[in-house]
Amino acid sequence: MGKLLNEIKETKSPKGKKTLLHDVVVALDKQDRADLLEAIRDTSVPATVVAKVMAKRGFRLPASTVNRFRRGEADLREFE
């Protein structure tokens, strides 16, 4: 096994690391949280628009993160 592979295998992954969406959601008030989650679920709203509006509000929420939730790769139920 090479040095790089050995280093990768020996490095522990962080446990319990929160998602970017989690960090944003917990910072929002109840109404903004509900609006954001509705926008994420609404596929007629482009993920890039969600990301742009959140960036204007000072939050880092990339379109790729929105799309992960839309594809079901991550769960929104924890925020309900």
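In the predicted model, Leu-36 is in contact with Leu-21, Val-24, Val-25, Leu-28, Val-50, Met-54 and Leu-61, once its neighbours within four places in sequence are left aside. Leu-36 also belongs to the largest nonpolar core, which comprises 19 residues. Within this core, Leu-21, Leu-36 and Leu-61 touch the most other members. Two or more residues are contributed to the core by each of the elements α2 (20-27), α3 (30-41), α4 and α5. In soluble globular proteins, nonpolar side chains tend to be buried together.

The packing of the helices was examined next. Two packed helices are described by the angle between their axes and the distance between the axes. For α2 and α3, the angle is about 145 degrees and the axes are 9 Å apart. On the α2 side, the residues that take part are Leu-21, Val-24, Val-25 and Val-26; their counterparts in α3 are Arg-33, Leu-36, Leu-37 and Ile-40. This contact of α2 with α3 consists of 7 nonpolar residues and 1 charged residue, with no polar residues.

A second pair is formed by helix α4 (residues 47-56) and helix α5 (residues 63-70), whose axes come within 8 Å and cross at roughly 130 degrees. The helices α4 and α5 are therefore oblique to each other. The crossing in which α4 passes α5 is right-handed. Here Ala-47, Thr-48, Val-50 and Ala-51 of α4 meet Ala-63, Val-66, Asn-67 and Arg-70 of α5. By class, the residues of the contact of α4 with α5 are 5 nonpolar, 2 polar and 1 charged.

Apart from its neighbours within four places in sequence, Val-66 is in contact with Ile-40, Ala-47, Val-50 and Leu-61. Among these partners, Leu-61 is one of the residues that touch the most other members of the core. Val-66 and Val-24 are 42 residues apart along the chain, and their C-alpha atoms are separated by 12 Å. Thr-65 likewise lies in helix α5. With a relative accessibility of 9%, Thr-65 also counts as buried. When its neighbours within four places in sequence are left aside, Thr-65 is in contact with Leu-20 and Leu-21.

Residues up to four places away in sequence not being counted, His-22 touches Glu-78 and Phe-79.

Technical notes:
Residues are numbered from 1 along each chain as its sequence is written. This is a predicted model: local features need pLDDT of at least 70, side-chain atom pairs count only at pLDDT 80 or more; totals for chains, interfaces and linings use all residues. Side-chain values use heavy atoms; hydrogens and water are left out. Axes are lines fitted to C-alpha atoms, for helices over the stretch in contact, and angles run from 0 to 180 degrees between N-to-C directions. Helices (H or I, at least four residues) and strands (E, at least two) are DSSP runs, numbered from the N terminus. Angles under 35 degrees count as roughly parallel, over 145 as roughly antiparallel, 65 to 115 as roughly perpendicular and the rest as oblique. A crossing is left-handed if the near helix is turned anticlockwise from the far one by less than a right angle, and right-handed if clockwise. Contact means heavy atoms within 4.5 Å. Ala, Val, Leu, Ile, Met, Phe, Trp, Tyr, Cys and Pro count as nonpolar, Asp, Glu, Lys and Arg as charged, and the others, Gly among them, as polar. A nonpolar core is a set of buried Ala, Val, Leu, Ile, Met, Phe, Trp, Tyr and Cys residues joined through side-chain atoms within 4.5 Å. Buried means under 20% relative accessible area, exposed over 50%, partly exposed in between (1.4 Å probe, protein chains only).
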